[in-house]
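Dear colleague,

My notes on what was found in it follow directly after.

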Amino acid sequence: MGEMRSRVGMVAAATAVLVSGCSTVTSGTPVAESEGSDGGAAVALSAGEAPDCATMAGALGGLVAGMSLANQTTLPGSTDPLCLWSDGDFTGTQRNLFVSVKANGFTEAMLEASRGKASLGVVDEPRADALGGLVIKVNDTVYTLTMAGRSVDAGSHGSQGYTESEYIDGLLAVARLLTE
């Protein structure tokens with residue numbers, strides 16, 4: 001249970017890093033964008049490699065349509081990307097979505113022990129089960145898909161009008177990049 005709280009805390013920290021400064025890299029190292037990314041093509045990743053922000057945007061499709069990449073960074077000690085897309089209206093009502101990939105997913109034992117535990121915020125999602133993962137609702141605007149050794153977070157700052165299904169669709173789209 002302590003590891004679960006630690007992972008939820010990491011999601012909250014990632015959210016704080018992203019939303020604290022939408023126009024610049026706020027901490028860590030900028031994430032390089034792929035040149036010539038067509039947004040929709042399958043991308044071959046090496047084992048353990050995370051997709052860059054452009055590749056994730058292609059996988060996210062309509063969830064980030066009309067938005068631009070407002071912030072890209074990594075958390076200290078990590079090489080995995082943390083990406084924030086926004087519609088550019090920084091008046092406090094902007095539509096935004098962040099996605100991060102981390103090399104800190106659950107162990108197989110933790111995944112098995114967590115299945116079906118609604119008190120942990122576990123969302124029943126057969127598509128995640130098919131990937132060997134588990135979706136956790138951190139709060140109304142932050143979701144995590146954790147797999148053995150990897151996790152994907154998706155969320156937004158404030159009420160953005162995304163549904164739970166849309167957040168989960170985004171998680172699954174990025175997670176599929178990791179499992180292809």
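In this predicted model, the largest nonpolar core holds 27 residues, and those that touch the most other members are L60, W85, L97, V99, V135 and L145. Two or more residues each are given to this core by α2 (53–60), β2, β3, β6 (142–147), β7 and α5 (164–179). Helix α5 supplies the largest share, six residues. A second, separate core has seven residues, among them L111, L120, V122 and I136.

Neighbours within four places in sequence aside, L60 is in contact with W85, L97, V99, G170 and V174.

Seven of the seven residues in β3 (residues 96–102) are buried, so the strand is largely enclosed by the rest of the structure. In a regular strand, side chains alternate between the two faces of the sheet. In β3, N96, F98, S100 and K102 point one way, while L97, V99 and V101 point the other way, and all are buried.

What does β3 pair with? Strand β2 (residues 82–86) pairs with β3 in the antiparallel sense over five bridges, and N96 in β3 is the bridge partner of S86. Strand β7 (residues 150–155) also pairs with β3 in the antiparallel sense, over five bridges; here V152 in β7 is the bridge partner of V101.

I turn now to the charged side chains. The count of salt bridges comes to four. One of them joins K102 and D153, whose closest N and O atoms are 1.9 Å apart. This pair links distant parts of the chain, with K102 in strand β3 and D153 in strand β7, 51 residues apart. Both K102 and D153 are buried.

Another salt bridge is formed by D169 and R127, with the closest N and O atoms 2.8 Å apart. Because D169 lies in helix α5 and R127 in helix α4 (residues 126–130), the pair ties together parts that are 42 residues apart in sequence. D169 is partly exposed, at 31% relative accessibility, and R127 is partly exposed as well, at 34%.

The side chains of K137 and D140 also meet in a salt bridge, at 3.2 Å from N to O. K137 counts as partly exposed, with a relative accessible area of 30%, whereas D140 is exposed, at 59%. Finally, salt bridges that share partners join E125, R127 and D169 into one network.

Yours sincerely

Terms used. Residues numbered from 1 in each chain as written. Predicted model: local features only at pLDDT ≥ 70, side-chain atom pairs only at ≥ 80, totals over all residues. Heavy atoms only, no water. Buried < 20%, exposed > 50% of the residue type's maximum accessible area, 1.4 Å probe, protein only. Helix = DSSP H or I, 4+ residues; strand = E, 2+ residues; numbered from the N terminus. Pairing = 2+ DSSP bridges. Core = buried A, V, L, I, M, F, W, Y, C linked by side-chain atoms within 4.5 Å. Contact = heavy atoms within 4.5 Å.
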